[in-house]
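This report describes the packing of aromatic side chains, the pairing of strands and the surroundings of selected residues. The sequence and structure are shown first.

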Amino acid sequence: MQRLPKIVRILAVLSFTLVVVLFAALIVNSFQNAGKPLTSLNPQGPSAESIQQLLIPVTSIAAVVFVLVLGAILFITWRYRERKGTDPEEFPAQVHGKTPLEIGWTILPALILAGIAVGTVMTIINLNREAPNSINVQVAGQQWWWQYKYDLNSDGDFNGPGDITTSTELVIPAGKPVQVTTTSNDVIHSFWIPGLNGKKDAVPGLRSPLKLQADEPGIYRGQCTEFCGLSHANMRMLVRAVPSGDYEAWVKNQLTTRGGEPSDPVAAEGKKVWQALCAQCHVINGINDAKMKETPPPLVAGVAPNLTHLMTRGTFAGSIFNLYEPVGADGQPLPMSDVAAAGDPGAALVGGKVDTANVNRVTLEAWLRNAPAMKPMYPQGGRGMPNLNLTEEQIDQLVAFLETLN
Ligand code: CUA
């Protein structure tokens with residue numbers, strides 16, 4: 001048997017160095033992103049916490065095994081390298097048939113894997129255990145936004161008279177468990193709020209459970225993590241955890257309808273424009289919600305966000321644009337790396353007055369002017385908002401009307 005040729009030794013050292021550098025870069029990167037909204041290493045609730053409690057020991061064991069195995073390879077490569085004056089035909093001592101050694105290196109990995117398996121299975125069971133007295137929300141993926149339906153009376157029906165349909169932002173009370181069921185209205189999406197829990201696919205025709213709980217009030221960002229077409233990257237989610245009093249007020253307001261005649265004449269004109277052009281896809285409870293419940297339902301029912309309480313949301317269009325300040329340059333999306341960048345609806349969140357001075361009119365008007373230019377979509381195929389060729393006057397009227405939807 002030949003000793004290891006030089007090229008093999010060089011390759012071994014190189015690949016070891018490469019793996020160490022990549023591993024170190026990964027760890028440094030994780031720490032650098034620790035405060036950013038999409039890090040999965042900064043748990044903000046019990047589900048994410050239990051994932052973290054599994055991740056850290058498993059990664060630590062893997063790191064020890066990695067260092068020991070590759071260290072041994074490196075040491076042996078160096079120790080038994082070809083030297084001057086040695087016989088290249090010399091046969092090294094063989095360990096084949098040494099029973100204690102063979103039993104040892106079979107049992108040790110089996111024990112390590114068994115330990116990891118027990119921890120993993122226990123975590124999965126814990127994550128899937130339904131929390132008692134939780135709020136039930138059905139999350140439906142849409143190209144390219146999220147729809148949320150709250151079963152407030154827990155009767156298993158998400159479309160009852162006492163239930164809420166909203167979109168883009170999931171409002172939850174801080175410190176309380178929320179039992180989410182993911183599903184999809186078109187293709188496969190994946191729901192992921194890294195601060196609160198792991199990923200859960202949203203599959204058409206399937207209903208998958210996911211437990212969420214935020215320990216503290218705040219904004220928890222997420223991003224669709226299953227490629228779902230043209231604007232997959234523009235399909236974000238936002239969880240707005242609020243104190244329980246605010247949540248109760250939010251629920252109470254969400255159950256009210258809109259559609260009364262606006263007192264502002266410009267907004268009243270805007271309502272007419274909305275009914276003529278927007279009501280074919282969008283719903284405002286109190287205007288056209290009855291039509292959408294017809295059997296068979298209109299083709300477009302449910303493919304566009306319900307706008308009844310639009311101004312209670314801080315963001316719109318799949319949570320990529322702020323509906324309120326702060327505003328990015330030229331109305332472009334703000335970088336998601338900034339958690340504080342989500343628009344703040346202020347008092348409007350709980351049905352209070354809309355702070356019109358803070359509304360991000362630049363972006364909202366640009367969206368009404370030519371939505372497909374703001375976010376890649378297939379409006380002709382019923383996927384996304386079309387360019388309706390509105391006049392500037394119609395846009396002003398529509399914005400004035402939308403601003404009444406608190
Ligand atoms: Cu929805 Cu990717």
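The model discussed here is predicted. Trp-367 has a relative accessible area of 9%, so this residue is buried.

Trp-367 also belongs to the largest nonpolar core, which holds 64 residues. Together with Trp-146, Tyr-148, Tyr-150, Phe-191 and Trp-274, Trp-367 touches the most other members of that core. When residues up to four places away in sequence are not counted, Trp-367 touches Phe-316, Ala-317, Phe-321, Met-374, Lys-375, Met-377 and Met-385.

## Aromatic pairs

The count of aromatic pairs comes to 11. One of them joins Tyr-148 and Phe-191 in an edge-to-face arrangement, with 6.4 Å from centre to centre and 80° between the planes. Tyr-148 lies in strand β2 (residues 145-151) and Phe-191 in strand β6 (residues 189-191), so this pair ties together parts that are 43 residues apart in sequence. Tyr-148 is buried, with a relative accessible area of 0%, and Phe-191 is likewise buried at 0%.

Phe-316 and Trp-367 form another pair: their ring centres are 5.9 Å apart and their planes stand at 85°, so the geometry is edge-to-face. Because Phe-316 lies in strand β11 (residues 315-316) and Trp-367 in helix α7 (residues 361-374), the pair ties together parts 51 residues apart in sequence. Phe-316 is buried, its relative accessible area being 6%. Ring pairs also link Trp-146, Tyr-148 and Phe-191 into a cluster.

## Charged groups over rings

Two placements of a charged side chain over an aromatic ring may be noted. The charged end of Arg-79 sits over the ring of Tyr-80, at 5.2 Å from its centre. Lys-199 lies over the face of Trp-192, 4.8 Å from the ring centre.

Strand β1 spans residues 135-142, and eight of its eight residues are buried. Ile-135, Val-137, Val-139 and Gly-141 point one way from β1, whereas Asn-136, Gln-138, Ala-140 and Gln-142 point the other way; all are buried.

Strand β1 runs parallel to strand β5 (residues 178-184), to which seven bridges join it. Within this pairing, Ile-135 stands opposite Val-178 in β5. The pairing of β1 with β2 is antiparallel and also extends over seven bridges, and here Asn-136 stands opposite Asp-151 in β2.

## The three-stranded sheet

Three strands form an open sheet in the order β4-β10-β9, with mixed pairing. Its edge strands, β4 (169-173) and β9 (218-223), each pair on one side only. From one strand to the next, the twist averages 20°.

Strands β9 and β10 (residues 236-242) run antiparallel and are joined by six bridges. Gly-222 has Met-237 in β10 as its bridge partner. Helix α4 (residues 244-254) packs on the sheet and touches β4 and β10, its direction making about 130° with that of β4.

## Individual positions outside the sheets

Thr-123 is located in helix α3 (residues 99-128). With a relative accessibility of 12%, Thr-123 counts as buried. Leaving aside neighbours within four places in sequence, Thr-123 is in contact with Ser-50 and Leu-54.

Ile-61 is placed in helix α2 (residues 46-79) and counts as partly exposed at 35% relative accessibility. Ile-61 and Ile-320 are 259 residues apart along the chain, and their C-alpha atoms are separated by 39 Å. Ala-329 is found in the loop between β12 (321-322) and α7; its relative accessible area of 61% makes this residue exposed. From Ala-329 to Thr-363 the C-alpha separation is 9.9 Å, and the two are 34 residues apart in sequence.

Note on methods:
Residues are numbered from 1 along each chain as its sequence is written. This is a predicted model: local features need pLDDT of at least 70, side-chain atom pairs count only at pLDDT 80 or more; totals for chains, interfaces and linings use all residues. Side-chain values use heavy atoms; hydrogens and water are left out. A nonpolar core is a set of buried Ala, Val, Leu, Ile, Met, Phe, Trp, Tyr and Cys residues joined through side-chain atoms within 4.5 Å. Buried means under 20% relative accessible area, exposed over 50%, partly exposed in between (1.4 Å probe, protein chains only). Contact means heavy atoms within 4.5 Å. Rings of Phe, Tyr and Trp (its six-membered ring) pair if their centres lie within 6.5 Å; planes under 30 degrees apart count as stacked, over 60 as edge-to-face and the rest as tilted. Helices (H or I, at least four residues) and strands (E, at least two) are DSSP runs, numbered from the N terminus. A charge sits over a ring if NZ of Lys or CZ of Arg is within 6 Å of the ring centre and within 35 degrees of the ring normal. Two strands pair if DSSP finds at least two bridges between them. Axes are lines fitted to C-alpha atoms, for helices over the stretch in contact, and angles run from 0 to 180 degrees between N-to-C directions.
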